[in-house]
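Read the following with the model open.

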Amino acid sequence: MNFDFSDDQRLLQDAVRTMLAETSTSQAVREVLEGRASHAEAVWHNLIEMGAAAAAIPEQYGGAGLGYLALCLVAEEAGRHLAAVPLASSVYLAAEAIQRAGSEAQKQHWLPKIASGEVVATAALGSRERYRPAAPLAFDGRTLTGASPALVNGGIAGLAVLRVGDDLVLVELAGTGVSRNPLPSLDPTRPLAELRFDRTPAERLTGANGAAVASRVLDGAAVLLAFEQVGGATCILEATRDYSLERKAFGRQIGSFQAMKHKMAEIYTAIELARVHAYYGAWALSSDAPELPKAAAAARVAATRAYTVAAEEGIELHGGIGFTWELDCHLHYRRARHLGQIIGSEHAWRARLADELIKEAA
């Protein structure tokens, strides 16, 4: 049996990696980080043109129809190259919610616009955390009132999918009564904004139970984000390895010191453990297997831990220069922290995994 991705899927990954290596450079990422751009437009345009961003959107709705396995590999390369694009908010969350809960008319109207890049979307589907928003959302069937805090790419999005109780609500952000408040973020390459609504026209996604759909979409996003985390952690390890072979101390390459080898071996082990869980999650996601909640939670926990450890240790292993602005170590540290919180923390997903294992044992 072959447990790897297909040759065609690997070819897509290679093409995306080549494109991102040329366009998602440190300079391009820093333009967004420093507020000179809202996102890396050239990178996003190329991902759209290649059909990579819309890999999992069916062809009948303007997507590439390549499936979730292809999207997983796209996500891995986006993580490896720190792509400052609205991939998670538009594709992993909003498009998936519309695809799973929208009416045929809603799908036909919005999915082609997301797939073509005409519309950037964002979503707040709840998370594994419990919190009380300052002004909770209220939906009366026609209009939306309240606030939705900390939406990724909320400042540039033209569409939002929001969970209000057991409903999923679709709101066009060019409508009346919408105000946006940019929020400070540890990783400004994936900027956050608070959205406030004052009797803003909105419509309900008319599919199955909104809470169940939201949970299913979050599970899928956990798998896709795990691939981003694995890609980012692998990039750090490779950069650290290269640096340890160039830098010398006491007349020797620092990579020859046992302490460095041990640290890099620990990072490698964490990454490979995360990769195994991400692959399991990819299988469950692509086959819509009943094991998806368990696989997604395991992938989320392992990949969050791997990227966090790699980012922290990568800075340490680069020595004094690792703490400087000039190196990209801090970019990965920022992204690791961001991805570790975007759909709920590692602790919340660990609790979710425990619940699934207890349920399975029972």
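A residue is called buried at under 20% relative accessible area, exposed at over 50%, and partly exposed in between, with a 1.4 Å probe and protein chains only. The model is a predicted one: local features need pLDDT of at least 70, side-chain atom pairs count only at pLDDT 80 or more, and totals for chains, interfaces and linings use all residues. Residues are numbered from 1 along each chain as its sequence is written, and side-chain values use heavy atoms, with hydrogens and water left out.

Start with the aromatic rings. Rings of Phe, Tyr and Trp (for Trp, its six-membered ring) pair if their centres lie within 6.5 Å; planes under 30 degrees apart count as stacked, over 60 as edge-to-face, and the rest as tilted. The structure holds 4 aromatic pairs. In one of them, the ring centres of Phe5 and Phe227 are 6.3 Å apart and the planes stand at 75 degrees, so this pair is edge-to-face. Helices here are DSSP runs (H or I, at least four residues), numbered from the N terminus, as are strands (E, at least two). Phe5 lies in the segment before helix 1 (7–23) and Phe227 in helix 7 (residues 210–246), so the pair ties together parts 222 residues apart in sequence. Both Phe5 and Phe227 are buried.

Phe5 also pairs with Tyr279: the centres are 5.1 Å apart and the planes at 85 degrees, so this pair is edge-to-face. Tyr279 belongs to helix 8 (residues 258–287) and Phe5 to the segment before helix 1, so the parts tied together are 274 residues apart in sequence. Phe5 counts as buried because its relative accessibility is 8%, whereas Tyr279, at 24%, counts as partly exposed.

Next come the nonpolar cores. A nonpolar core is a set of buried Ala, Val, Leu, Ile, Met, Phe, Trp, Tyr and Cys residues joined through side-chain atoms within 4.5 Å. The largest one has 104 residues, and those with the most contacts inside it are Trp44, Leu47, Leu87, Tyr92, Leu93, Leu125 and Val161. Helix 7 supplies the largest share of this core, 16 residues. Contact means heavy atoms within 4.5 Å. Leaving aside residues up to four places away in sequence, Leu87 touches Trp44, Ala53, Val74, Ala78, Tyr92 and Glu228. A second, separate core has 14 residues, including Phe139, Ala157, Leu162 and Val164.

Now turn to helix 3. Val43, Trp44, Leu47 and Ile48 are the buried residues of helix 3 (residues 41–49). Viewed down the helix axis they fall within an arc of 135 degrees, so they line one face of helix 3; the arc is that of the directions from the helix axis to the C-beta atoms. These buried residues pack against helix 1, helix 4 (68–80), helix 5 (87–101) and helix 6 (104–115). On the other side of helix 3, Glu41 and Glu49 are exposed. Gly51 follows helix 3 and has a positive phi, near 80 degrees.

The cysteines come last. A disulfide is a pair of cysteine sulfur atoms within 2.5 Å, and a search of the whole structure finds 0. For Cys72, the closest cysteine sulfur is that of Cys235, at 19 Å, too far for a bond. For Cys329, the closest cysteine sulfur is also in Cys235, at 9.6 Å, again too far for a bond. Cys72 counts as buried at 0% relative accessibility, and Cys329 counts as buried at 12%.
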